[in-house]
Amino acid sequence: MRVIVDQILRKIVQNGRLQVMWPDGGWSRYGNIYEPMVTIQLYGSDTLRHLALNPGLAVGEAYMDGNLQPLDCDIYDLLHLLMHNLSLVERSSRVVSGRRWLRRLLRSVTQANNARRARRNVAHHYDLDGQLYALFLDHDQQYSCAYFPTGDETIDKAQEAKKRHIAAKLLLNRPNLEILDIGCGWGGMALTLAQEYGARVKGITLSEEQLSVARQRAADAGLSDRCHFELIDYREVGQQFDRIVSVGMFEHVGVPNYDSFFASIGRMLKPDGVALLHAIGRFDPPGGTNPWVNKYIFPGGYCPALSEACLSG
């Protein structure tokens, strides 16, 4: 398996220098003399087999298990080197293109997010101790792309700017508009729309942890009469709304469900209503989700190409 891993690295690493110490104590060098320069040590023949068969998953697992150790750098330096080189060769390399094609082919399986599976996937990521998210989220617990008009904003100010930007696009031109927030998270967007714009908001989520926090926040703010949160799938909502907003949830829908998602929005939106979808996309052509991300971070998740979302919508 060392021969296969060696061949893969020789094809991929062209810019920068990667030095590898193999499980048997031997050394190999890849790339050129220019920075970044990264050195790693590998342990165990099983590690080599996994790297040969599924490198997108095996690199992360080997690092977690201690079977891949950076020696004169950290894991971020290694990822920077690999991702930079992959971006240069992925369109010309048959190996990389083949893996990408296979991931796209398997999307009907990996992204088959029916209501039951969607709830399980959401629980995997979001039903965690809130102290974890407090380490990197803003005070309002906004879990999506912040908006930095000048680039000098703090994360708190940038998330406030994002909410104002979204609210402006929703055309909240009169009070008491009925709004559906699909994938409401910990309730920050819904509470803002109710408190600052006089809306009546229904927030839905599949995370029990988020639901509990959102309901408590509404009660603490005295907004329980204007903000109502439910544990329900978007496909099960039966009423219509003046406005529909979804922030950072579309990444969990999955390509096989895009038609159903947009059909649900059309069914729930009043004839003169406005819907806004805020999601993370990709610059790359349609593809698949990195296997390590799919297994450990966002099971069933996928950041779409613009063409995929537009064709479905």
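**Exercise 1.** How far is the sulfur of C227 from the closest cysteine sulfur, and in which residue is that sulfur?

*Solution.* Before we start, note that this is a predicted model, where local features need pLDDT of at least 70, side-chain atom pairs count only at pLDDT 80 or more, and totals for chains, interfaces and linings use all residues. Residues are numbered from 1 along each chain as its sequence is written, and side-chain values use heavy atoms, leaving out hydrogens and water.

Step 1: recall that a disulfide is a covalent bond between the sulfur atoms of two cysteines; here the test is a pair of cysteine sulfur atoms within 2.5 Å.
Step 2: the closest cysteine sulfur to that of C227 lies in C184, 9.2 Å away, which is too far for a bond.
Step 3: searching the whole structure gives 0 disulfides.

**Exercise 2.** Find which residues touch the most other members of the largest nonpolar core.

*Solution.* Step 1: learn the term: a nonpolar core is a set of buried Ala, Val, Leu, Ile, Met, Phe, Trp, Tyr and Cys residues joined through side-chain atoms within 4.5 Å. Buried means under 20% relative accessible area (1.4 Å probe, protein chains only).
Step 2: this core has 25 residues, and L18, V20, I40, L42 and L78 touch the most other members.
Step 3: look next at a second, separate core of 23 residues, which includes C184, A199, V201 and V247.

**Exercise 3.** Is C227 buried or exposed?

*Solution.* Step 1: take its relative accessible area, 4%.
Step 2: compare this with the cut-off from Exercise 2; C227 is buried.

Key: Buried < 20%, exposed > 50% of the residue type's maximum accessible area, 1.4 Å probe, protein only.
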